[in-house]
Amino acid sequence: MPKIGPTSAAAPLRSVKKTNAKSSGDAAPRYNHYLLKSEPGEFSIDMLAAEPKATAVWDGVRNYGARNNLRNMKVGTKLFFYHSSCPAPGLGIVGTAVCTREAFPDPSATDGKGP
């Protein structure tokens, strides 16, 4: 799974644009930015900022579509950090981040603790 870290400044929200580049033989296009969704009680933007070097492994993803998007992310890809299932209205996208390492096998997939 890629490593992510917060950016130093928020970026303006723009429409998604596909790049013409294809990832290593994959037919799926890469995007200029992605949306990372997490429940704030599980892993929030504040928890990310508190991590050493403000980076964390985005693991535990079992949805194939989401996993494929993680595999398409490259170092430097812009990410929007979204809090889902928030009781307070208007929280949605709470910050931005950047991919700091390309995807690697998820260690939590074989540890027997995952879903």
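Author: W58 is buried in this predicted model, with a relative accessible area of 11%. Since the cut-off for buried is under 20%, that value places W58 in the class.

Take F43 to begin with. F43 and W58 form an edge-to-face pair, with 6.0 Å from centre to centre and 80 degrees between the planes. F43 sits in the loop between β4 and α1 (45-50), so its pair with W58 ties together parts that are 15 residues apart in sequence. Like W58, F43 is buried.

The other partner is F81. The ring centres of W58 and F81 are 5.6 Å apart and the planes stand at 90 degrees, so this pair is edge-to-face as well. F81 is buried, its relative accessible area being 0%. The structure holds three aromatic pairs.

W58 also has a place in the largest pocket: among the 18 lining residues, K37, S38, W58, D59 and V61 lie nearest the centre. The space in this pocket is about 490 Å³. β4 (33-38) gives the largest share of the lining, five residues, and α2 (64-72) supplies at least two. By type, the lining divides into ten nonpolar, four polar and four charged residues.

One further ring contact involves a charge: the charged end of R101 sits over the ring of F104, 4.1 Å from the ring centre.

Notes
Residues numbered from 1 in each chain as written. Predicted model: local features only at pLDDT ≥ 70, side-chain atom pairs only at ≥ 80, totals over all residues. Heavy atoms only, no water. 1 Å grid on protein atoms, 1.4 Å probe; cavity = no way out; pocket = protein on both sides within 12 Å on 5 of 7 lines; lining within 4 Å. Points joined across faces, edges and corners; volume = space filled by probe spheres on them. Helix = DSSP H or I, 4+ residues; strand = E, 2+ residues; numbered from the N terminus. Nonpolar A, V, L, I, M, F, W, Y, C, P; charged D, E, K, R; others polar. Phe/Tyr/Trp six-rings, centres within 6.5 Å; stacked < 30°, edge-to-face > 60°. Buried < 20%, exposed > 50% of the residue type's maximum accessible area, 1.4 Å probe, protein only. Lys NZ or Arg CZ within 6 Å of the ring centre and 35° of its normal.
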